[in-house]
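Visitor: I have a chain on the screen and a few questions. Could you walk me through it?

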Amino acid sequence: MQVVKKLPTKLSRCSTYAEPFHKLYVSDERAARSGYRGCKRDKIINTLHFESETGMPQYDPVARKVYVNLQDQNLFAVIDPSTDKVVGRIP
């Protein structure tokens with residue numbers, strides 16, 4: 001295994017890859033946001049802002065959704081990788 005490219009992030013410590021969408025979701029805990037990067041073009045596509053610190057994102061290949069822990073609210077935000085919109089919140 002070999003590092004072929006490094007991509008800059010800020011204070012990120014966890015990420016998840018939504019393989020069918022070629023997107024890497026990166027949690028920026030202290031900035032209360034979760035950004036995602038298009039892996040085919042190696043650039044940041046968008047940043048979602050939350051009114052909470054964010055925890056580790058996880059991609060569910062069965063539901064085809066990304067779940068992000070909103071630590072200050074005791075909720076999970078549900079992101080649809082096909083639209084990059086928050087489609088729900090789960091207590």
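The questions below go from the overall fold to single residue pairs.

Guide: One point before we start. This is a predicted model.

Visitor: What share of the residues counts as buried?
Guide: The protein chain has 91 residues. To count as buried, a residue needs under 20% relative accessible area. The buried share is 35%.

Visitor: Is the aromatic pair of F21 and Y59 stacked, tilted or edge-to-face?
Guide: The count is 1 aromatic pair. The ring centres of F21 and Y59 are 6.4 Å apart, and their planes stand at 80 degrees. Planes over 60 degrees apart count as edge-to-face. The F21 and Y59 pair is therefore edge-to-face.

Visitor: How many residues apart are F21 and Y59?
Guide: F21 sits in the loop between β1 (12-18) and β2 (23-28). Y59 belongs to strand β5 (residues 58-60). The pair links distant parts of the chain, and the separation is 38 residues.

Visitor: Is F21 buried or exposed? And what about Y59, buried or exposed?
Guide: The limit for buried is under 20% relative accessible area. F21 has 18%, and Y59 has 12%. F21 is buried, and Y59 is also buried.

Visitor: Which residue forms a salt bridge with K23?
Guide: A search of the whole structure finds 1 salt bridge. The closest N and O atoms of this pair are 2.6 Å apart. A salt bridge requires such atoms within 4 Å. The partner of K23 is D84.

Visitor: What parts does the pair of K23 and D84 tie together, and how far apart are they in sequence?
Guide: K23 lies in strand β2. D84 lies in the loop between β7 and β8 (85-90). Both K23 and D84 are buried. The pair therefore ties together strand β2 and that loop, parts whose separation in sequence is 61 residues.

Terms used
Residues numbered from 1 in each chain as written. Predicted model: local features only at pLDDT ≥ 70, side-chain atom pairs only at ≥ 80, totals over all residues. Heavy atoms only, no water. Phe/Tyr/Trp six-rings, centres within 6.5 Å; stacked < 30°, edge-to-face > 60°. Helix = DSSP H or I, 4+ residues; strand = E, 2+ residues; numbered from the N terminus. Buried < 20%, exposed > 50% of the residue type's maximum accessible area, 1.4 Å probe, protein only. Salt bridge = Lys/Arg side-chain N within 4 Å of Asp/Glu carboxyl O.
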